[in-house]
Amino acid sequence: ATHNALFGMGNPLLDISAVVDKDFLDKYGLKPNDQILAEEKHKALFDEIVKKSKVEYHAGGSTQNSVKIAQWMVQEPHKVATFFGCIGTDHFGEILKQKAAEAHVDAHYYEQSQEPTGTCAACITGDNRSLVANLAAANCYNKEKHLDVDRNWSLVEKARVYYIAGFFLTVSPESILRVAKHASDNNKIFGLNLSAPFISQFFKEPLMKVMPYVDIVFGNETEAATFAKEQGFETEDIAEIARRVQSLPKVNKNRQRIVVFTQGREDTVATVGDKVKIFPVLDIDQNDIVDTNGAGDAFVGGFLSELVQEKPLEECIRAGHYAANVIIRRVGCTFPEKPDFH
């Protein structure tokens with residue numbers, strides 16, 4: 001893999017992670033396993049979670065997690081992965097910069113002082129995680145002031161594989177479109193994640209505007225079901241949903257769209273040519289699962305690490321399963337020094 005071959009853009013967040021109980025979830029009206037944007041009623045949640053006895057802080061943000069994992073899987077050379085996103089000029093922003101550097105990701109943040117660096121409360125109960133994102137600075141990403149600047153756009157042009165989590169549709173759909181069209185026009189690979197049910201429900205218009213340029217659609221079983229429902233597919237069969245997503249309109253006809261749906265501990269479902277195949281995940285003892293926060297991001301990261309090295313789909317999925325299996329044994333989206341993937 002070459003420098004800046006993989007490009008990611010999204011919401012750089014600092015994860016604030018703590019084990020909570022059901023009362024805590026109920027108090028803030030949270031589902032045990034969900035991803036939402038913070039509202040006024042969640043303000044106190046952030047004050048409360050930092051006071052928990054074993055609170056941990058980790059660099060997060062869905063896309064940033066994925067490109068970091070991809071870089072970790074690739075190992076050498078450094079800076080195969082590029083990342084764009086917006087942070088504040090504050091302590092949390094400095095942590096994100098430091099962590100990106102430690103992960104050998106070529107991060108170019110748009111820095112502004114209007115809003116503080118975004119945070120994400122990861123409320124852990126057993127092997128569930130409820131994520132509440134306070135985007136703050138992440139929501140201030142500016143296409144004209146960052147993406148369109150020549151020295152930044154030249155990094156976009158260097159890439160062969162692009163990945164953006166659906167979460168970024170709430171921030172800068174015009175940035176996503178410019179990157180997606182570039183990929184499509186140049187027969188490069190553009191991947192998008194459905195990311196969360198609320199994206200398919202409330203950001204349907206920007207999502208469907210970018211879909212014709214998407215070469216690889218990622219998502220989990222809940223996101224797939226929600227997307228199908230919102231699009232009026234009238235099926236809950238995950239293989240059938242994958243087929244239907246694959247056949248949605250596509251601009252670049254040189255690449256057939258690939259759809260990959262993970263299902264936690266159940267088999268991963270993916271379109272392979274005109275077929276839908278199932279790929280079993282690695283077995284893990286329930287007691288070895290520390291938390292599932294970052295598992296989906298890690299799957300994508302592993303997948304991208306092989307894709308950027310032009311490996312076949314089966315290898316990409318195998319690497320995704322490996323990375324996810326490593327991540328769920330640890331707090332947040334963190335990883336050991338070196339991967340053991342062969």
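Visitor: Is phenylalanine 218 buried or exposed?
Guide: Keep in mind that this is a predicted model. A residue counts as buried under 20% relative accessible area. Phenylalanine 218 has a relative accessible area of 2%, so phenylalanine 218 is buried.

Visitor: How many aromatic pairs does the structure hold, and what kind is the one between phenylalanine 218 and phenylalanine 303?
Guide: The total for the structure is 16 aromatic pairs. For phenylalanine 218 and phenylalanine 303, the ring centres are 5.0 Å apart and the planes sit at 90 degrees. Planes over 60 degrees apart count as edge-to-face, so this pair is edge-to-face.

Visitor: How many residues apart in sequence are the parts that this pair ties together?
Guide: Phenylalanine 218 belongs to strand 11 (residues 216–220), while phenylalanine 303 belongs to helix 12 (residues 295–307). The pair therefore ties together parts whose separation in sequence is 85 residues.

Visitor: Over which ring does the charged end of arginine 178 sit?
Guide: Look for a ring centre 3.6 Å from that charged end. There's another case of this sort, with arginine 244 over the face of phenylalanine 233 at 4.5 Å from the ring centre. For arginine 178, the ring is that of tryptophan 153.

Visitor: Over to helix 3: how far apart are its end C-alpha atoms?
Guide: Helix 3 runs over residues 62–74, which makes 13 residues. At 1.5 Å a residue, helix 3 should span 18 Å. The model agrees with that, because the end C-alpha atoms are 19 Å apart.

Visitor: How many residues of helix 3 are buried, and which residue follows the helix?
Guide: Helix 3 is largely enclosed by the rest of the structure, because 13 of its 13 residues are buried. The residue that follows has a positive phi, near 70 degrees, and that's glutamine 75.

Visitor: Which element gives the largest share of the lining of the second largest pocket?
Guide: That pocket has a volume of about 420 Å³. Of its 20 lining residues, the closest to the centre include Trp72 and Phe335, which also belong to one aromatic cluster with Tyr322 and Phe341. Strand 4 (56–60), helix 3 and helix 4 (91–102) each give two or more residues to the lining. The largest share, 5 residues, comes from helix 3.

How values were computed. Residues are numbered from 1 along each chain as its sequence is written. This is a predicted model: local features need pLDDT of at least 70, side-chain atom pairs count only at pLDDT 80 or more; totals for chains, interfaces and linings use all residues. Side-chain values use heavy atoms; hydrogens and water are left out. Helices (H or I, at least four residues) and strands (E, at least two) are DSSP runs, numbered from the N terminus. The expected span of a helix is 1.5 Å times one less than its number of residues. Buried means under 20% relative accessible area, exposed over 50%, partly exposed in between (1.4 Å probe, protein chains only). Rings of Phe, Tyr and Trp (its six-membered ring) pair if their centres lie within 6.5 Å; planes under 30 degrees apart count as stacked, over 60 as edge-to-face and the rest as tilted. A charge sits over a ring if NZ of Lys or CZ of Arg is within 6 Å of the ring centre and within 35 degrees of the ring normal. On a 1 Å grid over the protein atoms alone, a cavity is a set of points where a 1.4 Å probe fits but cannot get out, and a pocket is an open set with protein on both sides within 12 Å along at least five of seven lines; lining residues have an atom within 4 Å of a point. Grid points are joined across faces, edges and corners, and a volume is the space filled by probe spheres set on the points.
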